[in-house]
Amino acid sequence: VWNNCLSFIKDNIQPQAYKTWFEPILAVKLSDRALSIQVPSKFFYEWLEEHYVKILKVALTKELGEQAKLVYIIKMENTYGNKQPFTEKIPSTNRGAVKSQDVDIPLKNKNPELKNPFVIPGIRNVKIESQLNPNYNFENFLEGDSNRLARNAGIAVANKPGGTSFNPLLIFGGVGLGKTHLAHAIGIDIKDKYPEKTVLYISAEKFTQQYIDSVKKNNRNDFIHFYQIIDVLIIDDVQFLSGKSGTQDVFFHIFNHLHQNGKQVILTSDKAPVDMQDIEQRLLSRFKWGLSAELQSPDFETRVSILKNKLYRDGVEMHDDIIEYVAKHIKTNVRELEGAIISLIAQSSFNKKEITVNLAKDVVEKFVKNTKREVSIDYIQKVVSDYFQMDVNTLQSKTRKRHIVQARQLAMFFAKKFTKASLASIGSQIGKRDHATVLHACKTVDNLSSTDKQFRKYVEDLSKKLSI
Ligand code: ADP
Ligand code: MG
């Protein structure tokens with residue numbers, strides 16, 4: 001029945017559309033007048049419903065008469081690639097999922113024969129969304145002394161993924177210096193040059209979540225297999241894996257598999273491998289196999305060209321002396337540099353003021369102050385004590401009262417999260433504690449926020465208050 005439907009549909013729609021939307025469908029079952037077809041994802045189902053429901057109806061009615069019914073069985077959504085707003089939705093042929101979700105007529109999938117269709121041989125054909133942001137390309141990543149090594153290593157890797165000694169390529173450097181941008185640029189360039197290669201960008205945080213989910217859902221092996229078929233794996237902010245031994249373990253295996261098969265791995269981190277804490281030694285030694293390239297704070301000339309490039313792309317004109325003023329005063333981080341110029345443009349258009357050096361001065365001053373406020377431990381203590389309606393002295397006091405201890409631990413946790421201060425320095429600033437106390441506080445907060453709903457709310461509220 002389904003084959004007849006297909007040949008009818010094939011004659012009536014574009015070959016490409018047929019290939020994309022009908023070839024992946026599997027006919028699973030025909031009972032009475034209801035044909036069950038299995039589609040790879042929910043998105044796929046929605047697309048069919050939206051675009052092809054008419055032709056499906058015509059085809060089915062021809063075969064089964066007016067009573068014909070269509071049942072969709074959706075394979076469990078593949079959660080291994082997230083969809084970000086900038087990515088085009090491409091239906092991915094999911095693999096490895098053995099559960100199904102039924103739409104329309106509930107159809108209990110207890111029948112063992114239904115399981116077979118879910119195993120799709122030939123995993124090389126799997127389509128994976130790369131999760132790459134097209135704006136983060138090489139062209140927009142301006143070169144300067146501060147990033148020359150890393151940028152050129154990136155270009156070398158993009159020319160010959162897996163074929164250089166830069167495997168893994170580890171890009172490290174402080175916040176806002178372009179690690180994520182450069183990592184995307186390499187991925188984009190590889191996709192351009194080698195369209196057949198599977199490239200995947202993922203943050204270490206997301207990777208960790210997926211791993212935990214896979215363990216919960218009992219498909220850890222699917223998780224591993226998914227990653228083992230990738231040609232170019234880009235993992236952002238690997239410092240996030242610190243202390244997460246399960247995820248480190250699984251990453252170790254994936255890494256070895258990819259590396260042995262000549263696949264390229266690209267990693268970013270806010271620290272050099274020698275400075276990474278709570279990462280297993282065997283993993284650290286792998287990180288050092290290839291090349292570690294640092295991104296440093298850009299020099300003045302590079303800052304100016306980054307600003308000019310940004311303005312040019314946004315179609316905004318600005319006087320050189322204003323650009324130079326901003327570049328001169330914001331030195332440490334490119335994200336702040338861009339932030340300052342954006343708020344300058346916003347200020348001038350809200351207030352219909354011309355952008356003068358004076359206005360630039362105001363904005364830069366506020367900007368620098370704001371970003372300072374963001375990172376000060378004093379500010380964190382103030383926000384946390386306000387939130388719990390106590391004063392800072394109480395928060396710092398020696399008392400063991402539960403809610404005060406919790407507030408103190410939260411302050412320590414956020415100090416660790418939002419500032420660069422060492423554990424010892426956080427401890428000494430929050431009521432003269434030692435570094436072990438701070439470490440314990442961070443762990444307690446981590447634990448409590450995964451087990452205690454109310455506590456998690458505290459963490460969420462405070463996170464919001466503390467990030468501008
Ligand atoms: P990180 O991941 O290191 O925190 P990002 O890659 O997110 O930093 O960069 C922060 C911002 O600065 C991004 O908007 C990025 O496009 C920009 N940026 C960083 N370095 C450069 C560069 N060399 N040229 C152009 N833009 C840059
Ligand atoms: Mg980043």
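## A walk through the chain and its ligand

Among contacts in the chain between residues at least 6 apart in sequence, 73% link residues at least 24 apart. Please keep in mind that this is a predicted model. The chain holds 20 helices and nine strands, and buried residues account for 32% of its 468 residues.

Let's turn to the ligand. Ligand 1 has 16 residues around it, and those that come nearest are Gly-178, Lys-179, Thr-180, His-181 and Val-334. Two elements, helix H6 (179-193) and helix H13 (334-350), each give two or more residues to this shell. Sorted by class, the shell has six nonpolar, seven polar and three charged residues.

Two packed helices are described by the angle between their axes and the distance between the axes. For helix H17 (residues 402-418) and helix H19 (residues 435-451), the axes come within 8 Å and cross at roughly 95°. An angle of 65 to 115 degrees counts as roughly perpendicular, and therefore H17 is roughly perpendicular to H19. The residues that make this contact are set out here:

| Helix | Residues in the contact |
|---|---|
| H17 | Gln-409, Leu-410, Met-412, Phe-413, Lys-416 |
| H19 | Val-438, Ala-441, Cys-442, Thr-444, Val-445 |

By class, the residues of the contact of H17 with H19 are seven nonpolar, two polar and one charged.

Note on methods
Residues are numbered from 1 along each chain as its sequence is written. Chains are lettered from A and ligands numbered from 1 in the order in which they are written. This is a predicted model: local features need pLDDT of at least 70, side-chain atom pairs count only at pLDDT 80 or more; totals for chains, interfaces and linings use all residues. A residue is near a molecule or strand if its C-beta atom, placed from the backbone, lies within 6 Å of it. Helices (H or I, at least four residues) and strands (E, at least two) are DSSP runs, numbered from the N terminus. Ala, Val, Leu, Ile, Met, Phe, Trp, Tyr, Cys and Pro count as nonpolar, Asp, Glu, Lys and Arg as charged, and the others, Gly among them, as polar. Axes are lines fitted to C-alpha atoms, for helices over the stretch in contact, and angles run from 0 to 180 degrees between N-to-C directions. Angles under 35 degrees count as roughly parallel, over 145 as roughly antiparallel, 65 to 115 as roughly perpendicular and the rest as oblique. Two residues are in contact if their C-beta atoms, placed from the backbone, lie within 7 Å. A residue is buried if 20 or more other C-beta atoms lie within 10 Å of its own, exposed if 12 or fewer, and partly exposed in between; C-beta atoms are placed from the backbone.
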